[in-house]
Amino acid sequence: MQQLQMVDLKRQYQKIKPEIDKAIQNVIDNTAFIGGPDVKQFAGELATYLGVKYVIPCANGTDALQIALMALGLQPGDEVITPSFTYIATVEVVALLRLKPVFVDMDADTFTMNIDSVKSAITPKTKAIIPVHLYGQCVDMEPLLALAKEHNIPVVEDNAQAIGGTYTYPDGRTVKTGSMGIIGCTSFFPSKNLGCYGDGGAMFTNHDALAEKLQMIANHGQKVKYYHEMVGCNSRLDTIQAAVLRIKLSHLDEYCDARRAAADYYDKAFANHPNITTPYRAPYSKHVFHQYTLKLEGIDRDAVQQKLAERDIPSMIYYPVPSHKQNMLKEFTDANQNLAVTDMLQDKVISLPIHTELTEEELSYIAKNFLEVVEQLRK
Ligand SMILES: *Cc1c(COP(=O)(O)O)cnc(C)c1O
């Protein structure tokens, strides 16, 4: 058995090497490194895949979130509702733009933002809500969108961990994650479900005017070269990354299926264990398992990680410190705020290896050893 990894990009590459090598060579041969034809083609293909009108590529997922908030024209001090339990980028861009992050608590089962908590956090100053489809599980969007609509607040989806996932509305309509908010954002960081071979990101929207604005902001505020209409930034997806992404997009559904199959294996192996809660499968969404994240009860999690490492099994804590406890965001936290579920998740979650290349032998080795370690450490 090969060395186990949280994500195995090497084996994935080996399977698509001829296609990838050819696509990269083609970009080099044409030397259209920035703004080459693959960028537009990829944007079009991803728009079709997601069922949205526009995909605007940019340099990374953090930029996508920043540019989205800039395009909404928010003013310093405006409040933006976000979960605290997320990758820091979601909240960091809010603070960077001198907006005020307002943290809401999580749902203990789904690991996504609690809608009641959002409801109580809304004030007249709330100018955006950023649901994060954490670990690949879609937020229950219908009630969130209804609430946002009632208060006329735009919703920006952070879809960096859930691309390829779906959400089914109560009326049976099924759509792709990232296509429901006024803007959806994603990251093509290599380890993401749709990852490139460097940095990359994109924004999605169905709104003509907003698409134009996002495009302009990503390109120094210009529509016509050298005529700058607003302050923007320089955020581009380079052509080599777009060429890689075109190939990987054609495999995305199969990659999501492979992740789900691995999750199914783990779920079965850990079912009904008194100390382990396997990930909740919401009936309204198709989980794409960017992470396979369990809750451990009554067990020393550090010891579990250490014993797994002794058996060459990597594991991770996503995330060891939620945003509202980060020094970076000190000025936005309120000592009286109660984020009990977030605190609970901080203490109990653990993520096991999940990726597109896990074999049955590897899954069996991980599951068997994980159960043994848990058994040894049960109090
Ligand atoms: C990865 C990630 C981002 C940021 O993407 P980068 O491409 O690394 O800038 C934002 N939000 C979430 C939830 C992420 O997982």
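Helices here are DSSP runs of H or I with at least four residues, and strands are E runs of at least two, both numbered from the N terminus. This is a predicted model, in which local features need pLDDT of at least 70, side-chain atom pairs count only at pLDDT 80 or more, and totals for chains, interfaces and linings use all residues. Residues are numbered from 1 along each chain as its sequence is written, and side-chain values use heavy atoms, with hydrogens and water left out.

View 1. Welcome to the shell of 15 residues around the ligand, where Gly61, Thr62, Asp158, Ser187 and Lys192 come nearest (a residue is near if one of its heavy atoms lies within 4 Å). Helix 3 is the main contributor, giving three residues.

View 2. Look for an N or O atom in the side chain of threonine 62, 2.5 Å from a ligand oxygen. For serine 187 the corresponding distance is 2.7 Å, and for lysine 192 it is 3.1 Å. These are polar contacts (here, pairs of N or O atoms within 3.5 Å).

View 3. The ligand takes up the space of the second largest pocket. Pockets are open sets of points on a 1 Å grid over the protein atoms alone, where a 1.4 Å probe fits, with protein on both sides within 12 Å along at least five of seven lines; lining residues have an atom within 4 Å of a point. A molecule sits in one if more than half of its atoms lie within 2 Å of its grid points. Among the 24 lining residues, Tyr87, Gln161, Ser187, Phe189 and Lys192 lie nearest the centre. Helix 3 gives the most to this lining, three residues.

Note on methods
A polar contact is a pair of N or O atoms within 3.5 Å; within protein, one must be able to donate a hydrogen and the other to accept it, and residues adjacent in sequence count only if both atoms are side-chain atoms.
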